[in-house]
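Subject: Structure handover

Hello,

Here is the structure for you to look at. My notes follow below.

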Amino acid sequence: MDVDPAAVKFTFDAGCFAASSQCGFKGLVNQGATCYLNSYIQTLFMTPETRSAFYNWRYNEKGGTKPEYSIALQLQRLFARLQVSSIGAAQTTDLTKSFGWEQKNAFQQHDVQEFIQKLYEILEATSKGSKLGEALRRMHHGVEQYYIHCLTCDTVSERETPFLNLCLEVKGMKSVEESLKSYITPETMQGDNAYRCGQCKDKQKASRGVRFKEFPYIFSLQLKRFDMNWNTNERVKVSTKLTFPRILDLKQFTPKQDGQPLNYELYSVLIHTGVASAAITMPTLRISALENGMNLMIRE
Ligand SMILES: [Zn+2]
C-alpha cells in the first residue's frame, strides 16, 4: 500500500522517551505545573472502582458536549493509555484542553482543592443520570451535619450538606485522629458571639459544631500543610509531623459510637515536596475499609 507522505503527521511526544516502569505502570508528562493534577489522576487510575466506572461509561454525542470537551471521555482515554500503551508516560494535554485550559494555564499553580471540586462538579453534571455520575457520587460523597444547640431552650438547628473532601488542620496536631476529633469538637457561642435563638427570641449561649452523618465509600482527607505568615505576607509550609494509621476506625468520630467498627484501610498517599510558594501538591492518602467494603482517601 502506498502511503502519502503528506498524510503522515509526526507529533512530538515527550512520553515516548520516558522509560517504562519495570512493574508496568506508566507516568504522566508534566506540562509545567501539573504535578498535582498528575498525582491526582494517578490516584484515580489506581482506584479500581473509579477506573471501572469510567470504562463502563459510554460517550454520547447527543449529550451536546463535543468529544474534545468531554472530561469524562478524555479521562477514560487517558486511563486506557495508562493501562495499555507501550510508552513510558502519557500526555495530559487532551484532558487539560477538555477543562478549557490553554497551555499557559498548565504553567500556573492551581488550588488543588478547588480543582478537584470543579472537576467533580463538571463530571457529575456531564454524567448526570448515567451510571458514571451515580458511581462518582456514591464513591466520593459523604454527608455532614452542621448544628447549633441552644443551651437555654435545648433547641437544635441542623443543616445537612454533602462533602467531597475534608480539610484537616495540621498545625498543632499530632495525628489524623487528633485532627478529626478537633474537626468535630463543638465551639461555644457566647458573649458578643452568642447565638440569636429563634425559640428564645434572644441571644443565648449555644454550642455549634459539625458531625458526620455518612462517610463516602472513598473518604478523602486533605491536610492543611500551608499557612499564611501575615508578617511577611507569604505562604508557609507547616512541616510538622502528623501520623496516620494503616487502619482507621471512623466509628469514634460518629455520634453513635457503639456497634460495629467502621474500619477504613489506608491505601494511597500523595506527598507534597518542595516549598510552599512553588508547590501545590497535596499528599493524598486513601484508606479502604476491609470489613465493610468502604474506602478512605486522605490528602495532605
Ligand atoms: Zn433557645
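A residue counts as buried if 20 or more other C-beta atoms lie within 10 Å of its own, as exposed if 12 or fewer do, and as partly exposed in between, with C-beta atoms placed from the backbone. This is a predicted model: local features need pLDDT of at least 70, side-chain atom pairs count only at pLDDT 80 or more, and totals for chains, interfaces and linings use all residues. Residues are numbered from 1 along each chain as its sequence is written.

Helix α7

Helices (H or I, at least four residues) and strands (E, at least two) are DSSP runs, numbered from the N terminus. Helix α7 spans residues 176–184, and V176, S179 and L180 are buried in it. These residues sit on the same side of α7, because they cover an arc of only 100° around the axis. The arc is that of the directions from the helix axis to the C-beta atoms.

The cores

A nonpolar core is a set of buried Ala, Val, Leu, Ile, Met, Phe, Trp, Tyr and Cys residues joined through C-beta atoms within 7 Å. The largest has 19 residues. Y40, I41, F54, A72, L75, L78 and L132 touch the most other members. Two or more residues each come from α1 (35–45), α2 (48–55), α3 (71–84), β2 (89–90), α5 (112–126) and α6 (131–140). The most come from α3, which gives 5. A second, separate core has 18 residues, including L166, L180, F215 and I218. In soluble globular proteins, nonpolar side chains tend to be buried together.

α2 against α3

The axes of α2 and α3 come within 9 Å and cross at roughly 115°. Axes are lines fitted to C-alpha atoms, for helices over the stretch in contact, and angles run from 0 to 180 degrees between N-to-C directions. On the α2 side, R51, F54 and Y55 make the contact; on the α3 side, A72, L75, Q76 and F79 do. Contact means C-beta atoms, placed from the backbone, within 7 Å.

Two single residues

A135 is found in helix α6. A135 is partly exposed, because 19 other C-beta atoms lie within 10 Å. Its C-alpha atom is separated by 9.6 Å from that of E124, 11 residues apart along the chain.

V156 lies in strand β4 (residues 156–163). Is V156 buried or exposed? V156 is exposed, because it has 11 other C-beta atoms within 10 Å. Not counting residues up to four places away in sequence, V156 touches Y147 and H149.

Best wishes

Conventions:
Contact = placed C-beta atoms within 7 Å.
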